[in-house]
Amino acid sequence: MRQSLDGLDPSSAGSAPQLVALLRELRAASGLSIREVSRRARDRGDWLPTSTLAAVLNRDAVPRAEVVAALVRACGGDEAAVETWLAQCARISAADVADTGQVPRQLPGAPHAFTGRERELHLIDEHLQSASPRSVVLAGPAGIGKTALALHWAHRSLDAFPDGQLYVDLRGFSGTDPLAPGPVLHRFLTALGTGPEEVPADGDERAAMFRSLLGHRRVLVVLDNARSPEQLRDLLPGTGGSTALITARTDLFGLTATHGVPHLRLAPLTREESMDLLDAMIGRGRVATDPEAARGLAAACGDLPLALRLAACQTLAHPEQTIGELRDRIAEAPLANLDLPGDEAAGLRACLDLTRDRLDAADRDALDAIGLHPATEFEAAGIAALTGTSVRDADAALHRLAGVHLAAANGDGRWSVHDLVRAYAREHADGHPREEREAALGRLYDWHLAAVAGTWQAIFGLEPEVVPASDVPVPVFDGPEAALAWLDPRHSALCEMIRHAAAGHRDWHAGRLAHALWRYQYIRGVRGEAEACLRVALDADRRTGDRAHEVKLQRQLGNTLKALGRFDEAEGALDRSLRLATGLDDVEAAALTLMALAQLHIQQWRLDEARTCATEAARVFRDLGDADREVNALDDVAHVDMLVGNDDEARAGFDRAVKTFTDRGWTQNLASALAGLARLRLRDDDADGAAALLADALDAYRQSGDPLGEIYVQSLQALAHARLGDRETAARLAGGTAEAGVATSSPELALEVLNNAGFAFGAVGDATAAERAHREALDLAEALPDLYEQARARHGIGDALAARGEDDAARAEWTRALRLHEKLGTYGRAELAERLA
């Protein structure tokens, strides 16, 4: 048999009939019947049914590669012989294709006005070079341009596929059932030259024949609009030079797991790419007439290619309409204005309907809840509250929506959706009964209010105003860092919810959410956002006539305006709070407002009034038996004492405050009292003691999450290190805190830090840097105005001038500073009087 096999030379066959004739001779020379060849093939692990072998040997077409290989092995051939036979099969197949012109050209036309996607085109090239099988999935939501990208790449790469291009719409997301692999394989096999009667009935045989035909050819297979990995596995090319390009609205990571097929997720176009697409669709001249309106149009379309094309068609259909008018229409009602009259199926809403129709009931409910949610970012707990389900079920639904690119995970448990998907979801949410929507929103606001309230104890050591009940568990925080890490990325969403609650006449929730969030906003320095939220909440309280709650919000507003440097407005808000509290005979609320007024008067350098307010507040708290708040008020008295030079009284007050604040865990208040003690130590030239106190103050501010407090303490540390002779650390801290202080939204902090930095620079002998910092502080202090910081700035400028030997100029600055200190009655006058003497 070996001699007989060697005597047969497959390269002598010049056509398919001749090759089949040689295979018949091979079988005859082996002395085996067809049934015996089949059995021997099975014993060797090959698959070669007798019916298949009989059919192959009685046809004049080149058999499939695996049939030839199995036959040669069963007849005694080794792997070298198998390769020789397969190589001749490939040569004859290629020649047959060239002779008969049986090269499929099934690609639809290249997309019109295709722009951008250079990065994605490059990634497709990279993926297809390394993938085996040579396949890649282009995944993304409806309208993102998956098919356009696939066809553009395909037409650009035609020369790489001389043996043809196959295309099929698998109808994964369409108005009909998805196509099964079997009919698609039948279509592809006949397109590749297989007679209809030769297409195997068995699905596995069809897939094997398809891979065989592609194994020695270079064919591009575009599998558009796929639904699932099961729909695709039999349609992928095997080894060889053929390539599959797959588009899908759903992730197909099952293909990655079983076949290593890479995924390329498409995002919206960049704004510049969107502008290029509009240029190509409606003409550069039209876009150039109003480029800002065109940019606004791109933004209204969410930079989604389909939406941009539909918008461009609107401009072509209505040339009398300006781009700005179209932008405004789409921004107001995107889905209604992103369709084509007479061809509604091509509109954006219809495309999204096809995706929604494939969702199960739980996922549709989650999508509707997204439309009902007020914020652009949300989390599974919020969706659970809206849908009345568990967090686990809501999270699973969100992941399934992400699988069809209707939602995207942003990290830290938060999610978002494309603006146009949100508009679509809102349409469906509005279709639910009003009572159902109102109940869902009530659960959502309750959960968020309970979650924000839960941060109070962790950050401030305080009990919150109110904690509503919620069936959805709220997060539990083991300390300030965890609470702040939860609040930081959610702050914008919480502000959105306050505005939304007020707009929907949920005034109770609007007021309580704003009140609960304010302390966080204050320590984080987001005072502008705090003011906006409080004004919305105050309007809500006035609508409901909730005067008791308005007292609290007016006090918070006054503190916020004080921090923003708007002292007159701050005093007006605090006066309103005090009048309301007095009218309600709420002595506790009135005392709290007196404390706020005391702190405002300190910043206004109305120190006698500050002492009066703080002392009265302490008396009221003492009468109420509230020792903690009494100490808090007396801490304000201690600050006044420090400013006017009553150092012993100030020290006693701060010592008492430090003990109470430490016991209560009030880290922000503790930090302020420690910093006050440190300033007194610096006056006493005890730099070591000051440095130790400041280290504790810095740690307390960090625990409370107050970055502005950290900057303030570090500016004092610069002076302490300068007094200790650590010039390098002092200069570094002075420069860094001066820059950081100016960058904040607090002009008072910037003033104090600049002057502290100036004194530190002066203490290390850098008169130039000292004068520069003090003059910057002086300019800012005169603009506010702030007489105390003006005095400190002129004091420091005088020191810098004296260090350079400019004694007359120094005395002039010191004299001005002394006059200001005498006017205010503040500490500093004694030191300056001594210098001038």
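Biologist: Where is D685 found?

Modeller: A word first: this is a predicted model. Helix 33 covers 667-683 and helix 34 covers 687-704. D685 is found in the loop between helix 33 and helix 34.

Biologist: Is D685 buried or exposed?

Modeller: The cut-off for exposed is over 50% relative accessible area. D685 has 65% relative accessibility, so D685 counts as exposed.

Biologist: How many Å apart in space are D685 and A720, C-alpha to C-alpha?

Modeller: Along the sequence, D685 and A720 are 35 residues apart. In space, their C-alpha to C-alpha separation is 9.3 Å.

Biologist: How many salt bridges does the count come to?

Modeller: Side chains of opposite charge can pair when their charged atoms come close. The rule asks for a side-chain nitrogen of Lys or Arg within 4 Å of a carboxyl oxygen of Asp or Glu. By this rule the count comes to 52.

Biologist: Which residue forms a salt bridge with D546, and which parts does the pair tie together?

Modeller: The closest N and O atoms are 3.0 Å apart in the salt bridge of D546 with R512. D546 lies in the loop between helix 26 (527-544) and helix 27 (547-563), and R512 lies in helix 25 (residues 507-524), so the pair ties together parts 34 residues apart in sequence. R512 is buried, with a relative accessible area of 10%. The partner of D546 is R512, and the parts tied together are the loop between helix 26 and helix 27, and helix 25.

Biologist: Which helices hold R683 and D647?

Modeller: The side chains of R683 and D647 meet in a salt bridge, 2.7 Å from N to O. The two parts it ties together are 36 residues apart in sequence. Both R683 and D647 are buried. R683 lies in helix 33, and D647 in helix 32 (residues 647-664).

Biologist: Which residues form a negative surface patch?

Modeller: Take D360, a member of the patch. D360 sits in the loop between helix 17 (348-357) and helix 18 (361-372). With a relative accessible area of 39%, D360 is partly exposed. The patch is formed by D360, D365, E435 and E436.

Biologist: How many disulfides does a search of the whole structure find?

Modeller: A disulfide needs two cysteine sulfur atoms within 2.5 Å. The search of the whole structure finds 0. For C313, the nearest cysteine sulfur is that of C301, at 11 Å.

Biologist: Is C613 buried or exposed?

Modeller: The cut-off for buried is under 20% relative accessible area. C613 has 13%, so C613 is buried.

Technical notes. Residues numbered from 1 in each chain as written. Predicted model: local features only at pLDDT ≥ 70, side-chain atom pairs only at ≥ 80, totals over all residues. Heavy atoms only, no water. Buried < 20%, exposed > 50% of the residue type's maximum accessible area, 1.4 Å probe, protein only. Patch = residues over 30% accessible without salt bridge, like charges linked within 9 Å, V, L, I, M, F, W, Y side chains within 5 Å. Areas by Shrake-Rupley, 256 points an atom, 1.4 Å probe, with all protein chains shown as cover. Lys, Arg positive; Asp, Glu negative; His and termini not counted. Charge placed at Lys NZ, Arg CZ, Asp CG, Glu CD. Helix = DSSP H or I, 4+ residues; strand = E, 2+ residues; numbered from the N terminus.
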